[in-house]
Each structure stands twice: as structure tokens, then as C-alpha cells.
Amino acid sequence: MILPLELVRVAYRDIIKPLSISIDAGPTTIILGANGAGKSVLMRLMHGLLAPTGGQVFWKERDLSRARRLQAMVFQRPVMLRRSALGNLLYALEVAAVPAAQREGTALQALEEVGLKHLAQRPARVLSGGEQQRLALARAWALHPEVLFLDEPTASLDPTASREIEAVIRAFDGAGTKIVMATHNLAQARRLGDEVIYLHQGRVLERTPADQFFSQPASAEAAAFIKGELPWA
Amino acid sequence: MDSIGGATRTALGLITGGDPTLAGIVALSLGVSLSAVTFATILGLPLGAAVAVGRFPGRHAIIVLLNALMGLPPVVVGLAIYLLLSRAGPLGSLGLLFTPGAMVIAQTVLIVPIIAALSRQAVEDAWREYEEQLRSLGAGGFGAALTVLWDIRFSLLTIVLAGLGRAVAEVGAVIIVGGNIDGVTRVMTTAIALETSKGDLPLALGLGIVLISIVIALNAAAYFVKEAAQRRYG
């Protein structure tokens, strides 16, 4: 296991104020907050795409290249190479140093998992937005990550496509992958979340089980956010 | 008007009849410009990619410089290369002045900025889109850069063809460093300039038709390659 992940007084410019937080295996963690609260930056600090300007990020797995290989991230907008759907998965597996003989089987199985096997030979970039996002999830699935970071994965999708994405996210959860997802979509957070980290202006205001967060938030800002009010208005 | 009609008929006769003088000039033109575009691609593409992806002091100045040099006047390049290669110049001992080699050098200098500046823009746009995803997948550095270059190869091909179009249609640089010597350094553009001033309009016009056809064919190729790739790969 590469988890738990420990952030020790991690800061990033003035976007993330020094915060310490631990992410462990198990429940789905939702990072909730308004636009500009720092959700995306916090995830990128966890995933290692950004280097903190203060503090440190520790994985239990001290071999960092191994820790990196066992985590994946799906972005708000899927980024696909100009190759077939299958080709995009094969590329990811190649970069991850999966033996050539195993790549195609693993990739096809992942496409099957998200319901895209019939589109395997299609150019990835001509797929619809929802299909591309499922393809991004398949690409993550093929890598068998222990942790999957999701940055607003359905923010630019219609409700039907969003439901399909959520189904795949549940499948990840069912397979034992730790899900860490940033969203500002309360309904989605309620549907998928086990615990909520509420971020406000770069600070963690609370971290509570999802039920409790939605029924009795501890901070006034979170309560206002839930009520759909703008906390800064 | 009659002279234009007559000249055009004679010109078409030269082209269809495979006139050896005309064929030789066209072949030299293409040889020089294709060589120049090959060298310019070898130099300009990695330069553009490095400036696009790298972060180093002076980067912005280099970008501005490359963009500005896209509009480099060919005669000025010709003059600079002439001074370098002339007998008294620093590279005079190579004896390259008034040879096709000098013309290749001049055209290379002329189109390196074009290929570098345009590929810098293309690579930078693609890099901005791909960088996080590639790093997330574990691809970094040189490997990631090659992945991006391969992914935008059709855009890069269009850029190379733009460079070739500029090289083959350019007259100022090659006439200075080549000297327009019959059978040695006479290319389409310099021949057109000379034959027109001599009054041999059919040959000038024939070369003009070939030159325009080549430029149109290059642009058509660039367009259709890009279109086909767009349909095929999105």
C-alpha cells in the first residue's frame, strides 16, 4: 500500500494556506468548496503535479516512483492523444512499463469496464465528451491505481454522461481503489462521498463524515455553501 | 495582349515538351530548396520545441526575435551570407560563393526562423494541453516531448511545407549568393528575373507557371494532409 498520504503544513503560494491532512485507504473522500477555494491545486499537490511552496507531502511508500505509478488522476477535461481509444490506453500502459504482452489484454478489459470496448478502434478525440471522460477513467483503470484523484470529472458533462461517470467511479470504489474527488456539485458529493473535506479560501474548515457534513456542518461557511448561499456575499 | 497569348502557348509547349533547359532549372530549384528545408527543419524544429517547452532566461526575447525574423528580407540574408562566403570573408576559404551550396545555406538561414517560430507556437499550444496529463501518466522530459511532437506531426508537416514554399519562391537571397550562373546556380526565380529583363518571355512565363503550380501543389498537399489527419485522428 502506498497510503496513507500525509500533507504536513503544505502551502502553495497564497492559494493553499499551510495545512496538514492525512488521506488513508477506504472511504471516498470528497474535497468540496466553491470555485477558487483551492480544490484543484490541493489535488495537484497531493498527486505531485505541483510542488508545494511550503511544507511536505509524504506517501507511506517511500519509493516515490512506485508511489507515483500506483496513483492516477482524471481531469475535468480529458486529454487524449491523436490515437485510437485503445491506442491511448496502450500508451499509458507503455509509459507505466507494463510488459508489452500484457498491454492489449489489460487495455481491452479496462475499455470493457467503462462500456467502450466497441469503440476501441475509434480515434479518441472524435468521441463525445462523456465518452472521452469514460475513456480517461478506463485509462486510469488499466493502470490499477491504489488511489484515483478526480478533479471535477463531470463538470462539463450533461446529466446522463455524469451518471455514467459516477457509475464507473463506484466501480473503482467497489474494486478497492481509494477515491479522492474534488467537486462543487453538492448532489454528486452526497451521492458518492463517505467523508467531506471542506475547503474555503485555501483552508480546510472541516473534515467530517458526509452524513454529518450535510445535516449539521460545523462551520458557518460550509452551512452557507450547503444552503446555496455565497459565503462571501 | 497578343504577346501574352503567344508567350503562354510557347511556355506550355516548353513544359509539355519537357524542354531540357526548363527541366534543369526546375530540378535545381527543387534540389536547393528541398535541401534547405531539410536542414532548416533539422535546426528549426528542435529549436522551436525547446523554446516552447523550456523555461530559461531570455526565452521571451528569443520568441520575439524568432517571430521578427520570420519576415527577414531575403536580400539582406543574401548580403549577409555573401559577406561570410566572399573570398575576403570569414568562410571565404570554403569556396562556396556562387555554388548551389551557398544557395542552400542562404535559404536555410531564411527559413529556420519560420520553422522555429511556427513550430514553437504549435508545440507550446499542444504542451499546454498535454503536460499535466503526461506527467500524471509518468511520462516526463524528453519522452513526453517526443510524444507531443509525434501527436502534432501533421501540423508540423504543414509548417515545413510553408517553409518550402517560402524557399522555392524566394529570389533575393539566391541571386546574390548564387549569381544566377547558367546551368550552375540558375533557379526558377532568378531565371524568371533574368529572362524577363532579356525579353525571353516564353521561358520566363513557363517557369512562372511551373513555380506557381509547385506553390499551389504544396499548399494543397499541406491542406489535404491536415484535413485527412483531422478526420482520421481528431
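1. Helices (H or I, at least four residues) and strands (E, at least two) are taken here as DSSP runs, numbered from the N terminus. On that basis, chain B comes to 10 helices and zero strands. Its C-alpha trace spans about 65 × 50 × 25 Å along the principal axes.

2. Regarding provenance, this is a predicted model, in which local features need pLDDT of at least 70 and side-chain atom pairs count only at pLDDT 80 or more, while totals for chains, interfaces and linings use all residues. Residues are numbered from 1 along each chain as its sequence is written, and chains are lettered from A and ligands numbered from 1 in the order in which they are written.

3. Two residues are in contact if their C-beta atoms, placed from the backbone, lie within 7 Å. Among contacts in chain B between residues at least 6 apart in sequence, 78% join residues at least 24 apart. A residue is buried if 20 or more other C-beta atoms lie within 10 Å of its own, exposed if 12 or fewer, and partly exposed in between, with C-beta atoms placed from the backbone. Of the 234 residues in chain B, 42% are buried.

4. Chain A contains an open sheet of three strands in the order β2-β1-β4, with antiparallel pairing; strands pair if DSSP finds at least two bridges between them. The edge strands of chain A are β2 (16–23) and β4 (54–59), each pairing on one side only. From one strand to the next, the twist averages 15 degrees. Strand β1 (residues 5–12) of chain A pairs with β4(A) over five bridges, and A:L7 has A:V57 as its bridge partner in β4(A). Helix α1 (residues 39–47) of chain A lies across β1, β2 and β4 of chain A, at about 125 degrees to β1(A). Axes are lines fitted to C-alpha atoms, for helices over the stretch in contact, and angles run from 0 to 180 degrees between N-to-C directions.

5. Chain A is divided into domain 1 (1–70 + 145–233) and domain 2 (80–144), with bounds from an automatic or database domain assignment. The C-alpha centres of these domains of chain A lie 25 Å apart. Their contact takes 12 residues from domain 1 and 12 residues from domain 2 of chain A. On the domain 1 side, helix α6 (residues 159–174) of chain A gives the most, with six residues.

6. The contact between the chains takes 17 residues from chain A and 13 residues from chain B. On the chain A side, α2 (64–69), β5 (71–74) and α3 (85–95) each give two or more residues. That side divides into 12 nonpolar, one polar and four charged residues; Ala, Val, Leu, Ile, Met, Phe, Trp, Tyr, Cys and Pro count as nonpolar, Asp, Glu, Lys and Arg as charged, and the others, Gly among them, as polar.

7. A:V79 is found in the loop between β5 and α3 of chain A. This residue counts as partly exposed because it has 19 C-beta neighbours inside 10 Å. Not counting residues up to four places away in sequence, A:V79 touches B:E129, B:Y130 and B:Q133.

8. A nonpolar core is a set of buried Ala, Val, Leu, Ile, Met, Phe, Trp, Tyr and Cys residues joined through C-beta atoms within 7 Å. The largest has 139 residues, and B:V177 is among those that touch the most other members. Helix α5 (residues 100–137) of chain B gives the most to this core, with 20 residues. Domain 1 and domain 2 of chain A both give residues to this core, so it lies between them. Leaving aside neighbours within four places in sequence, the contacts of B:V177 include B:I81 and B:A106.
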